[in-house]
Amino acid sequence: MALRSSKYGRVFDLLPEMIFIVDSDQKIVDHNVTAATETGYASVDLMHNSFEIILQPEQRRVLMSILKTDYGDQSLETKFIRADKSIMDVQVDLRRLYTAERFYSVLIAKDITEQKKKELDYLRYSNVIQHTVNPIQITDANGKMIYVGSPFHTELVISPIVDGSGHIVGFLGAHRDITEQKILEQQLVRSQKMESIGTLAAGIAHEVGNPLTSISSLVQVIQRTTADEFAKDKLELIKDQINRIARIIRDLVDFSRPSSYVIKPTDVNKVIREALNIVQYGKKVKDIAFTLELADDLQSLPVVPDQLAQVFINILMNAVDSLDGKPGSIWIQSRVTGEVVEVLVKDTGKGIAPDDREKIFEPFFTTKAVGKGTGLGLWVSYGIVQSFGGDIEVDSDLGRGSTFKIQLPINGKEQRS
Ligand SMILES: Nc1ncnc2c1ncn2[C@@H]1O[C@H](COP(=O)(O)OP(=O)(O)OP(=O)(O)O)[C@@H](O)[C@H]1O
Ligand SMILES: [Mg+2]
């Protein structure tokens with residue numbers, strides 16, 4: 001065995017890897033120049049010596065037994081000890097070489113000390129990242145994201161990641177999660193918007209209501225006095241449209257003057273049952289399975305029963321509409337959570353597109369055909385529930401269904417700070 005004996009033997013010396021040839025007595029029988037320079041041993045110290053002189057003591061047992069026995073090819077990581085006693089991490093590819101009498105092990109070894117150090121740094125770094133309280137985001141130098149948590153609202157501090165030579169290789173973003181704050185802000189904006197819309201609506205209702213009443217009486221007068229059948233017929237259509245406008249106006253007035261009704265202790269379960277009865281009269285409900293799951297320990301709540309019924313009817317009608325006449329189910333639950341009674345109305349209907357979720361509480365927002373919906377139902381319902389100190393939340397999965405959660409404080413609006 002002599003690496004350099006053949007014509008191209010010197011080629012082995014050109015390789016960046018250390019090469020050792022070891023016989024089955026674990027003696028080094030040959031090596032290339034890289035092996036000597038990397039380990040710092042003179043060739044005379046390596047040749048015909050036991051391979052164990054370059055192995056870190058803890059690593060000896062395993063590797064020496066591999067060299068003694070022919071287990072076939074192996075790839076492993078181990079540690080070499082240099083002549084100056086410093087340690088080097090190495091990646092070893094071990095191949096067997098057979099002659100007629102015996103086998104040799106060819107060890108092709110690569111110094112991976114730097115790489116190991118980087119891996120360790122990375123491990124420490126990723127542990128810090130994964131266990132940090134604040135969400136963290138890492139981007140490469142072009143700002144392309146390479147690591148992030150789930151989506152969230154955030155306040156962001158960005159700092160560059162610099163490599164050894166001062167180049168920016170990426171950016172580290174440390175976030176402060178402000179999702180909670182955002183939700184509160186959105187709620188505030190929503191209730192302020194509702195308030196200003198309410199004032200506007202009251203104004204419109206008043207301004208439109210009076211002339212509408214005169215038009216309505218005039219139509220009735222002409223209907224009674226004319227003999228013209230054509231005119232009578234058309235007047236009937238006008239009356240229908242006036243009624244429609246009047247209904248809208250009533251909704252607007254209801255919204256802006258909810259205090260005109262009397263708040264009294266109310267059995268919420270009873271109101272739910274009444275509302276459901278009304279909704280079940282409709283023609284559209286025959287293929288719908290309704291499930292009621294009412295808490296039996298509900299105490300009375302300070303609300304206006306008729307208005308609360310109106311809320312449940314609106315939300316139940318929407319649930320019915322969401323099924324588009326197809327078979328499906330609607331599930332109504334009441335429960336107490338802390339100081340709040342929650343009523344959940346869950347349907348298996350078409351769901352609400354994410355973009356529409358905030359808009360559904362706005363007046364006149366409707367996805368229904370002209371004449372089918374005015375888009376006032378949820379707006380009015382929201383106003384009513386707010387006047388009781390409560391809230392309405394929506395959760396929806398497009399194509400699968402929606403859940404409306406009506407929250408009513410047990411102690412009513414006044415007691416809530
Ligand atoms: N359960 C639901 N499933 C799917 N979409 C819904 C549901 N509830 C409400 N929506 C959406 O919200 C919109 C607004 O509802 P809202 O009750 O305010 O008005 P509307 O039902 O369209 O008309 P109306 O004034 O007759 O109630 C609906 O048009 C619909 O797009
Ligand atoms: Mg509706």
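Two strands count as paired if DSSP finds at least two bridges between them. On that basis β14 and β16 are paired, with 8 bridges in the antiparallel sense. All views show a predicted model.

**View 1. The whole protein chain.** The protein chain holds 10 helices and 16 strands. Of its 417 residues, 22% count as buried. Among contacts in the chain with a separation of 6 or more, 58% are between residues 24 or more positions apart.

**View 2. Strand β14 between its partners β13 and β16.** β14 pairs with β13 over 8 bridges in the antiparallel sense, and with β16, also antiparallel, over 8 bridges. On the β16 side, Glu342 has Gln407 as its bridge partner. The hairpin of β13 and β14 has 2 residues between the strands, and Gly338 there takes a positive phi near 60°. In a regular strand the side chains alternate between the two faces of the sheet.

**View 3. The largest nonpolar core.** This core has 35 residues, of which Phe312, Leu316 and Val345 touch the most other members. At least two residues each come from α8 (268–280), β12 (301–303), α9, β13 (328–337), β14 (340–347), α10 (377–387) and β16 (401–409). Helix α9 gives the most, with 7 residues. Leaving out residues up to four places away in sequence, Phe312 touches Val271, Ile272 and Ala275. In soluble globular proteins, nonpolar side chains tend to be buried together.

View 4. Helix α9 covers residues 305–322; at 1.5 Å a residue its 18 residues should span 26 Å, and the end C-alpha atoms are 26 Å apart, which agrees. Buried residues of α9 include Leu308, Val311, Phe312, Ile315, Leu316, Asn318 and Ser322. Just after the helix, Asp324 takes a positive phi of about 55°. Which residues come nearest to ligand 1? Of the 22 residues around the ligand, they are Asn318, Ser322, Thr366, Gly373 and Gly377. Both α9 and α10 supply at least two residues of this shell, and the largest share, 4 residues, comes from α9.

View 5. The 5 strands follow the order β2-β1-β5-β4-β3, with antiparallel pairing. β2 (28–31) and β3 (74–81) are the edge strands, each pairing on one side only. From one strand to the next, the twist averages 30°. Within the sheet, β4 (residues 87–98) and β5 (residues 103–111) run antiparallel and are joined by 9 bridges; Val92 has Ala109 in β5 as its bridge partner. Helix α4 (residues 57–68) lies across β1 (18–23), β3, β4 and β5, and runs at about 130° to β3.

**View 6. Phe12 in helix α1.** Phe12 is found in α1, which spans residues 11–14. Is this residue buried, exposed or partly exposed? Phe12 is partly exposed, because 19 other C-beta atoms lie within 10 Å, whereas a buried residue needs 20 or more. From C-alpha to C-alpha, Phe12 and Val33 are 7.8 Å apart in space, although 21 residues separate them in sequence.

Key
Residues are numbered from 1 along each chain as its sequence is written. Chains are lettered from A and ligands numbered from 1 in the order in which they are written. This is a predicted model: local features need pLDDT of at least 70, side-chain atom pairs count only at pLDDT 80 or more; totals for chains, interfaces and linings use all residues. Axes are lines fitted to C-alpha atoms, for helices over the stretch in contact, and angles run from 0 to 180 degrees between N-to-C directions. Two residues are in contact if their C-beta atoms, placed from the backbone, lie within 7 Å. A residue is buried if 20 or more other C-beta atoms lie within 10 Å of its own, exposed if 12 or fewer, and partly exposed in between; C-beta atoms are placed from the backbone. The expected span of a helix is 1.5 Å times one less than its number of residues. A nonpolar core is a set of buried Ala, Val, Leu, Ile, Met, Phe, Trp, Tyr and Cys residues joined through C-beta atoms within 7 Å. A residue is near a molecule or strand if its C-beta atom, placed from the backbone, lies within 6 Å of it.
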